[in-house]
Amino acid sequence: MKSVILENVGVRNPIIFFGDNSWQRIAEKDPSQKVAGWREMVRGGKPVPYKRLDAFLQYIADHPEEVRTFDDSVALSPEDTAATKWVDDQVAKLDAVIIRGIAQRAEAKIQIGRALNEQKRLLGYGKFKSHVSDVLGSMISLRTAERYMKAARKEDDESKVDRLSLLKSASDDGAKDVKATTEQAKAEIDSQVNQKGPRKRIDLYKLPLPLDDDDRKAVDVLRRSSAWPEAEETLILELRRLCTKHRMAIRENQGEEHEDHSAEA
Amino acid sequence: MKTILLRRDHQDAVTDLEGKFPALSHVRKTLMETTEARTKDGIVRVVLACNVIPTAWHKLAYELWNNVDELPDNRPTAVGSASLRRIKNDGMLSGRRGVPRRTLKVLRKHGTAQGMLGYLDASSNEACHRTPLTKDHPEMLNGNERLIKLLDELYKLYAPVPYKRQRAEIEEVPQWRLWGTVFSTIYLARNFRTAYHYDSGNLKGVMTALMPMGNFTGGELVLPRWRLSVAFRPGDVLFFDSTEILHGNLPFKGHRLSAAFYCEKRIGHCGK
């Protein structure tokens, strides 16, 4: 089978595409093929600088003579596969260690910078300078200290700007349309709730609930709000559940509105 | 592959952004080439793989998937609206909640639609099942078998740790996955400019593969937690944990179809 080698498109291990649209990673296909070598399979040793896969595949289709064939019956032994995988895993773990270290180093610089800024604020410039050279001078130069302080100030300023800029919402037409229609729908529902007329008063306060003044006020606010119908349903369900749990009889008047059930229970 | 460090984490500030639309001012850095982004703990959070899907394959997928026609009435947060009670035809308020009809009309005008392919896990009133769209149009799935397998391969290559986790989960229920891959489901979104949201139905602690298709400009995916945007194009794939990372789209022009390949949250229970 004639095979083509995909130019590295950012993949650690290149993928081979075959004429029948199947694919396989090169390491699994041909262990003898080194990363440096796969480029040589096209264009007699010159790397093919194709960034886009389709352009590359088109080139291969147009220049079949530049595509070398290789025996694709060669398979990786289980030991080789395990060894390759082990190396990949170790490299990935070490990558993580290095990146964590780099991040901690950057974070440490900022923290040192913040501490130095605070010291400068407390001591004043003249004393601060001598403090740095006398006490910390063997570990950090004044110049380095100033760099850290500047970095800390920059970090704090940018964090503040970042937080503020996240408060701005999008104002494009699509976003505006959705916001406007949602507001209209909310208004419609509110008016629908208000149009329902005076509801029957449920004498919640006759229930054996230990409500103080604040609780009563909160209940009144809730009952006047648009969230009341839903809260009411939840309340009735909860009361029913409690009645059932404690084996209390529930009398229901079919003719009355359902909100009266809670009071009856 | 290029690696960047996500130094500044705005996790606390972004909690208020859910349901709001992304703006350009939320972005400090844009990924445009194959890159993996790691946080300070060394964990890979986002991987963008550019030009990894052959053109013919994503064009075919676009043709097969572009006719999804369900309105996203069950996704108020992603739509950017509120979840409101419906007003019934008789003027009474319904107990059912969702995206308001007025908003859905606007979305329909923009050609917004969604669809689900593959399998869904059990809900309160339904056992695990194939999605209705898959039953009605099996060609939408079968015609893209090689693409789905390629995405599985790319996921394994670019994010091996979450891949392994996802494979362990889905191998418990092999009959509920797509051709031996780690994906159980594909979510399709056509011309859907999303507000910031989390994908709550996906398996946690793994990654979702996101693949845009069509002919469009803009539509970058914004991850406000790191003030990061991803300018991905047809042929590119993005891997990130969409259950944990708040995300949304910038506006776009043209026709855009986006496919999210993922594993359903409770798919592991389907075999029990």
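This is a predicted model: local features need pLDDT of at least 70, side-chain atom pairs count only at pLDDT 80 or more; totals for chains, interfaces and linings use all residues.
**Figure 1. Overall composition of chain A.** Chain A contains 10 helices and three strands. Along the sequence its elements follow the order β-β-β-α-α-α-α-α-α-α-α-α-α. Of the 265 residues in this chain, 29% are buried. Among contacts in chain A with a separation of 6 or more, 49% involve residues 24 or more positions apart.

**Figure 2. Overall composition of chain B.** Eight helices and 15 strands make up the secondary structure of chain B. Of its 272 residues, 61% are buried. When contacts between residues at least 6 apart in sequence are considered, 76% of those in chain B join residues at least 24 apart. The accessible surface of chain B amounts to about 11000 Å², with 49% belonging to carbon and sulfur atoms.

**Figure 3. Positive surface patch of chain A.** The patch is formed by A:Arg105, A:Lys109, A:Lys120, A:Arg143, A:Arg147, A:Lys150, A:Arg153 and A:Lys154. The greatest contribution comes from H6(A), with five residues. A:Lys154 belongs to helix H6 of chain A. With a relative accessible area of 52%, A:Lys154 is classed as exposed, because the limit for that class is over 50%.

**Figure 4. Negative surface patch of chain A.** Four aspartates, A:Asp212, A:Asp213, A:Asp214 and A:Asp215, form this patch. A:Asp213 is located in helix H8 of chain A, which covers residues 213-224. The relative accessibility of A:Asp213 is 58%, and the residue therefore counts as exposed.

**Figure 5. Nonpolar surface patch of chain A.** A:Trp86, A:Val87 and A:Val91 form a nonpolar patch on the surface, and together these residues have about 310 Å² of accessible area. A:Trp86 has a relative accessibility of 55% and so counts as exposed.

**Figure 6. B:Trp179, a loop residue with positive phi.** The phi angle of B:Trp179 is near 45°, a positive value in a residue other than glycine. This tryptophan lies in the loop of chain B between helix H8 (160-170) and strand E9 (185-190). B:Trp179 is partly exposed, its relative accessible area being 29%.

**Figure 7. B:Asn191, a buried loop residue with positive phi.** B:Asn191 likewise has phi near 45°, which is positive although the residue is not glycine. Its place is in the loop of chain B between E9 and strand E10 (208-218). The relative accessibility of B:Asn191 is 11%, so this asparagine counts as buried.

**Figure 8. A buried aspartate without a salt bridge in chain B.** B:Asp241 occupies the loop between strand E13 (237-240) and strand E14 (248-249) of chain B. The residue is buried yet has no salt bridge, and the nearest side chain of opposite charge, that of B:Arg45, is 6.3 Å away. A salt bridge requires a side-chain nitrogen of Lys or Arg within 4 Å of a carboxyl oxygen of Asp or Glu. Leaving aside residues up to four places away in sequence, B:Asp241 touches B:Arg45, B:Gly205, B:Val206 and B:Met207. B:Arg45 is thus both a contact of B:Asp241 and its nearest side chain of opposite charge.

**Figure 9. Surroundings of B:Thr103, with contacts to both chains.** B:Thr103 is found in helix H4 of chain B, which comprises residues 101-109. Its relative accessibility is 0%, and B:Thr103 therefore counts as buried. Leaving aside residues up to four places away in sequence, B:Thr103 touches A:Val178, A:Thr181 and A:Thr182 from chain A, together with B:Val79 and B:Ser81 from chain B. B:Val79 is 24 residues from B:Thr103 along the chain, and the C-alpha atoms of the two are separated by 8.6 Å.

Methods. Residues are numbered from 1 along each chain as its sequence is written. Chains are lettered from A and ligands numbered from 1 in the order in which they are written. Side-chain values use heavy atoms; hydrogens and water are left out. Helices (H or I, at least four residues) and strands (E, at least two) are DSSP runs, numbered from the N terminus. Buried means under 20% relative accessible area, exposed over 50%, partly exposed in between (1.4 Å probe, protein chains only). Contact means heavy atoms within 4.5 Å. Accessible areas come from the Shrake-Rupley method with a 1.4 Å probe; for residues, only the protein chains shown count as cover. Patches are made of residues with over 30% relative accessible area and no salt bridge: like charges are joined within 9 Å, nonpolar side chains (Val, Leu, Ile, Met, Phe, Trp, Tyr) within 5 Å. Lys and Arg count as positive and Asp and Glu as negative; His and the chain ends are not counted. The place of a charge is taken as NZ of Lys, CZ of Arg, CG of Asp or CD of Glu.
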